[in-house]
Amino acid sequence: MGKSKKKKFRAAKAEPTGLTSVKEIETEIENFVPNAHGTVSDVIEQLQSVNVETRECGCSTLANLVSQPEVIPLLLQHNIVKIVAPLIVDPSPHIRHVSLGALRNLSVSGGHEVCEEMVQKDVLTPLVLLFQKYGVGWLPDKKEKTVKHDDTSENIFAEAVHLLWNICESSDLAVSVFNKETLVQYLLPCLQHQLYGFSTAIAVAQCLHAVTENNKMAAEYCQTGGTLALLSQLMTPVESADSIQLSTLVTGILINVSNPLQPQTPMATLVHTLATVLAVDVTNLIGEATQNGCMNGAGSSDEASIAHQRGAEPRGKLKEVDQILSAQQTSLEIIANLCCAGDDDWEDVSIDSGSSDEMAVDISMGEDASEECSPLCVPTEIQGALLNNDILTKVLNKAQPVEESKQLVLNNCVGGKKIANSLLRVQTHALLCVNNILNTMSDDALGGLLPLHKMWDGLVQLSNSAQAKSHLDLLEAVTSAMRAVMQKLAQLHSPKFSEITIADLQFLFALSHQDGNANVRVNAVRCVATIGGLLAKLTSPHPLLKDIGHFLLEVIGRDLELWVVAEALDSVFDVFAEDHIDPIVREIALVEKLRNFRPMLTSRINSERGRLGEHQALISMVRTNLKRFIDYKASR
């Protein structure tokens, strides 16, 4: 019934609320960082010094200071962006380098709101000027390679690109400046890793992959013959981890800039590259990288020292493993986005602040509108490419947890913590990708009921694992995949539904009590509702419907999230719409309980209407349909 648009994988967009509470938290900042005001004042004085060494010291101190999120509001209050930004074009290469590093750290630690603030404080003017100083097709200075220092033209350029990437992901205004100043012309030539090195090329590819999405101006620039030839050449990976990461990002860029009516690169070729990346067995690589043990050169058995090394950046072969994991995560994001049905937003439905429930929303009860993607919405070329490259199998392989023995080895490796986190992200993205793929592929392509039941059993086992229970993002991804599998089983009318017992539903009931993640609770509710909807279609009312009705009513009365309540109400309408199950409706006093709850729902909607966000349309529909449902069932 109610619909909510499935979001594509992308960096989360900001919803700026402003930084108006700085004074209120200054006391808290002082508790976290003693003498914070004095430290910030000293840094500002250093940054504005005429002495080069003093400015360098100020930038270095600032780069470390912004890693403490509690200090960032105080820094912004002191207008730190306007003070540091001009140093991006300072005559000293070291100052340019460290100032860019400090601003990059600020953009990462501060998040989307701080990135918006940085744009408002005009960080882009000197950043654009820096790119213009480099010029189109600049070449690295060969003399720099003979000197051992970090302030090379490549490193400074890469740092600037990282800052640009972070800001553009969070700010539409930054993307507008990117287009207006045609910054793409300075970036594209630097994809040539033979000239600029893989570090710079990958940074540029990451930025372009983000900025070219839904960006017509950038796409048109990239559709010229020379640019497409360069991108196509870089799309084929070789054995190195650098090449795999770069080719994955370039594939994403090609998909972003491709003309859907006249694609220059066949979709089959693009998807084949992604399939090749996903086929890399990372667990074997981890085994090879750790076969001689870890913590080499630790020099200390001190627990603090070991913990520090675990959290350090991976080195050697483990660094290559991390790069491949990054490439696989990007591949999963691209595939998931390919399976989404376009970018058009759902039509906004305003919520009247009055008490009337009769609104201009007409939703037919019993309609299954829970699928955000479907085979009809995805071009046949994409469906064929996914099927021919056996993408679902490869994605499912990435959804498998890593062996416990490998996890134990990583715990004793320098950089092992980052690798473990990367593995977890890949697993999470794979499960979310499964959700989109299942809604995209036809029933025949999925192979029928047996693979789906096997998939369901594996997901249930994973949802009960210690790993899922300790990582809510993973649990959300698992339940999203479970919901998609359940919907497919329902579409195929699996006979096993008639064998379901109350014991089979208990773990779903338990998931609805997950306090930390509303998405988990909604997915559990929808899985139960899908089962209930199938049981309701049986000629004779199934006894489990009474338990399902009690469960949904419990969620409606218990959950603190209005969105979850709306999903549970919508599920009630779906499950109990059929006339022949009215005896169960009366047995559980469904109409009376809903009638008693209705004033509370109206009150909550009115009090929370400013915070409903993307769930506003669904909640509006549910309020309207609740009255209709009550009136219809009461009249029977």
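## Close-ups of helices in a predicted model

**View 1. Helices α28 and α30 side by side.** Since angles under 35 degrees count as roughly parallel, α28 and α30 are therefore roughly parallel to each other. This is a predicted model, and in it α28 (residues 518–536) packs against α30 (residues 562–575) at an angle of about 5 degrees. The axes of α28 and α30 lie 9 Å apart. From α28, the residues to look for are A518, N519, R521, V522, V525, R526, A529, G532, G533 and A536. They meet W563, V564, E567, A568, D570, S571, D574 and V575 in α30. Sort the α28–α30 contact by class and you get nine nonpolar, four polar and five charged residues.

**View 2. Helices α3 and α6 packed together.** Here α3 (residues 52–65) and α6 pack with their axes 8 Å apart, at an angle of about 20 degrees. That angle is why α3 counts as roughly parallel to α6. The crossing of this pair, α3 and α6, is left-handed. On the α3 side you'll find V52, R55, E56, C59, S60, L62 and A63, and these meet H94, I95, V98, S99, A102 and N105 in α6. The tally for the contact of α3 with α6 is seven nonpolar, four polar and two charged residues.

**View 3. The kink in helix α6.** Now look at G111, where a kink of about 135 degrees in α6 is centred. Just after α6 comes D122, which takes a positive phi of about 65 degrees.

**View 4. Helices α15 and α18 crossing.** Two packed helices are described by the angle between their axes and the distance between the axes. For α15 (residues 267–278) and α18 (residues 316–338), the angle is about 140 degrees and the axes are 9 Å apart. So α15 is oblique to α18. In passing α18, α15 makes a left-handed crossing. Which residues in α15 meet α18? They are M267, V271, L274, V277 and L278, and across from them in α18 sit A327, Q328, S331, L332, I334, I335 and L338. In the contact of α15 with α18, 10 residues are nonpolar, two are polar and none is charged. One handy thing to keep in mind: an α-helix has 3.6 residues a turn, so residues three or four places apart point the same way.

Conventions: Residues numbered from 1 in each chain as written. Predicted model: local features only at pLDDT ≥ 70, side-chain atom pairs only at ≥ 80, totals over all residues. Heavy atoms only, no water. Bend = angle between axes of the 7 residues up to and from the residue. Helix = DSSP H or I, 4+ residues; strand = E, 2+ residues; numbered from the N terminus. Axes fitted to C-alpha atoms, helices over the stretch in contact; angles between N-to-C directions. Parallel < 35°, antiparallel > 145°, perpendicular 65-115°, else oblique. Left-handed = near helix turned anticlockwise from the far one by under 90°. Contact = heavy atoms within 4.5 Å. Nonpolar A, V, L, I, M, F, W, Y, C, P; charged D, E, K, R; others polar.
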